[in-house]
Amino acid sequence: MGWLRDVFRMSGEKSQPRVGLVILGFSALFIAITGRLVMLATMPNEQVGLRRATSTAISAARPDIVDRSGTVLATDIRTVSVFAEPRKILDKDEATELLTAVLPDLDAKELRDKLATKKGFVWVKREITPRQQGEVHRLGIPGVGFVPENKRVYPNGPAAAHVLGFASVDNVGIAGIEKYIDSKGLQDLNGAGLAIQASDLKPVQLSIDLRVQHLVRDELLKGLEKYRAIAAAGAIMDVNTGEIIALVSLPDYDPGNPVEAQEKDRINRMNVGVYEMGSTFKALTIAMALDSGKANINSSYSTAGGMMRFGRQVIKEYHGTGRTLTVPEVFLHSSNMGSIKMALSVGVEGHKAFLKKMMQLDRMQTELPESAAPIVPQRWGEINTATIAFGHGLAVAPIQAMAAVAALVNGGNLITPTFLKRSEEEARAGAVRVIKPETSEAMRFIMRINGEKGSARKADVPGYFVGGKTGTAEKVINGRYAKNKNFTTFTAIAPSDKPKYLFLAIYDEPKGYAESGGYSTAAWNAGVTTGRLIERAAPLLGLPPRFEPLVAPFPLMARLGAWGTR
């Protein structure tokens, strides 16, 4: 036992130097770490700036954006930018002279002022070409170097500009889908250094069809010139999924040169502009009356006298018939009086409730961050219901009007529009039923009647069973309606018996021309353009023409003996 006590005593004594050695090692490590932290804290600003700038540039990658078929709409390319460390540049004047010689678009005074600062890092020029990089490298200026970056490019120029938006020089989304991508956590990911290349990220697939997008823009550009309008817009929507297949607003811009986007006339008129949609709103009024039970397809309304008075306000027919009209005829003749009487039968509160249910009284939210709230009357009385019944007195974004019309014809399901590709099953999961299927059939029927016999004939492309409605609204200038400045719209569906797509064309202040007899109303401009859109887009969208007579396209309307079925 004594011997064991001696052994353990010896071990303890021998262990003391070892423990001391371990303590010394940990102390040295602690001192080294502390010293490193102190060094980093007192490091010259240029090193901190260089590290920060380099890290940010390399990590700022974005996913590709592709159309519904996988065609690239936006992508990253690798490029370099020139930076300088002013504290390391001995001769500022010489450096300025040499750099401006190979990069002539630089402002010499601005560059000289940058190099004269005490900063540790300044940008000389962002996103230079390989040739420029070689020339700067050959200058051999100490304190001038390169940082690799990701540059956003849009290979299709202005195509889908208002949908895509654009990214800044730092590759941060500023507008459109580019900004939407950032809102989903991309910048947080980049900030953590977890996304170095676009290939690390899954492409964002849009609902846009680039082929259809090109033809919509082409037709609107032609119309803009022919009708001498100050602006135009158009869109095509799948009524069963809510997918926006194409969206154009003119004038547009090239996302690769986003300076143009700052000009006030280049807004996205489909999402950001709010307008009185004119007689296209009569479809909502008729659907409301039918769905509420206050009217049926065989109801009739007197338009004798051609005018209605509300206090000091007088509302007149545009093309009055002076006779009693059935519901389909109210739509066909675009009767203000008939529409007003239908709305008043539902009542002011019922009218407001219906339009709210149809998403016309609130800001519509889509993937695009840019959107505008509708302009709704502060005090909504009988006169407001009367004017809104035929499309005046309520201004909405055209895309939300499209969503409402789509619900009228797709069986009664309101689907929020989307710019991302999705299936009918996904759309139905988020859809809200707003009208009965029977009401939807009635609306398809009267829109088709108007396509055959009314103002929508300009868009009635043979074989596609088109239905539609024109809308002409006088613009409000300084609080008053301007008689000589119109905002025209045309909404069309194809095919009317079982709609697949909704088409919309808009012109701002179109002018009359020889073939129109001087008229600048919707049928003569937006209607003509919509017809051309259907004619060109239908084959690309997989809509085959049908030239044989359709058998019982509207069976309920036939059973009820609706006007126009015989």
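**Figure 1. Elements packed over helix H8 in the predicted model.** Strand S2 (72-84), strand S8 (231-238), strand S9 (244-250), strand S20 (501-508) and helix H17 (526-540) are among the elements that cover the buried residues of H8. The model is predicted. H8 spans residues 210-226, 17 residues in total. From first C-alpha to last, H8 reaches 24 Å, close to the 24 Å expected at 1.5 Å a residue. Its buried residues are Leu210, Val212, Gln213, Leu215, Val216, Glu219, Leu220, Gly223 and Leu224. An α-helix has 3.6 residues a turn, so residues three or four places apart point the same way. After H8 comes arginine 228, with a positive phi near 50 degrees.

**Figure 2. Tyrosine 227 and tyrosine 507, an edge-to-face pair.** The two rings lie 5.3 Å apart, centre to centre, with 80 degrees between the planes. Tyrosine 227 sits in the loop between H8 and S8, and tyrosine 507 sits in strand S20. The pair therefore ties together parts that are 280 residues apart in sequence. Both partners are shown with their surroundings. Tyrosine 227 is buried at 2% relative accessibility. Tyrosine 507 is buried too, with a relative accessible area of 0%.

Figure 3. The model has 8 aromatic pairs. Phenylalanine 83 belongs to strand S2. Phenylalanine 121 lies in the loop between helix H4 (108-115) and strand S3 (122-128). The pair links distant parts of the chain, 38 residues apart. Phenylalanine 83 is buried, at 6% relative accessible area. Phenylalanine 121 has 15% relative accessibility and also counts as buried. Ring pairs join Phe83, Phe121 and Trp123 into a cluster.

**Figure 4. Helix H9 under its cover.** H9 spans residues 282-292 and is mostly covered, with 10 of its 11 residues buried. The buried residues are Lys282, Ala283, Leu284, Thr285, Ile286, Ala287, Met288, Ala289, Leu290 and Asp291. Lys282 and Asp291 are therefore on the buried list, each under the cut-off of 20% relative accessible area. The cover includes H10, helix H11 (336-346), helix H12 (348-357), H13, helix H14 (398-409) and H16. Glycine 293 follows H9, and its phi is positive, near 85 degrees.

**Figure 5. The largest pocket.** Its volume is about 1,400 Å³. The lining has 42 residues. Nearest the centre of this pocket lie Ser279, Tyr318, Asn336, His392 and Thr472. At least two lining residues come from each of strand S13 (313-316), helix H10 (327-332), helix H13 (382-389), helix H16 (437-453), strand S18 (467-477) and strand S19 (480-494). S18 supplies the largest share, 7 residues. The lining divides into 14 nonpolar, 17 polar and 11 charged residues.

**Figure 6. The second largest pocket.** This pocket has a volume of about 370 Å³. Of its 22 lining residues, Glu452, Phe465, Leu550, Pro553 and Phe554 are closest to the centre. H16 and helix H18 (555-560) each contribute at least two lining residues. The largest share, 4 residues, is from H16. By class, the lining has 14 nonpolar, 3 polar and 5 charged residues. H16 also supplies at least two residues of the lining of the largest pocket.

Conventions. Residues numbered from 1 in each chain as written. Predicted model: local features only at pLDDT ≥ 70, side-chain atom pairs only at ≥ 80, totals over all residues. Heavy atoms only, no water. Expected span 1.5 Å × (residues − 1). Buried < 20%, exposed > 50% of the residue type's maximum accessible area, 1.4 Å probe, protein only. Contact = heavy atoms within 4.5 Å. 1 Å grid on protein atoms, 1.4 Å probe; cavity = no way out; pocket = protein on both sides within 12 Å on 5 of 7 lines; lining within 4 Å. Points joined across faces, edges and corners; volume = space filled by probe spheres on them. Nonpolar A, V, L, I, M, F, W, Y, C, P; charged D, E, K, R; others polar. Phe/Tyr/Trp six-rings, centres within 6.5 Å; stacked < 30°, edge-to-face > 60°.
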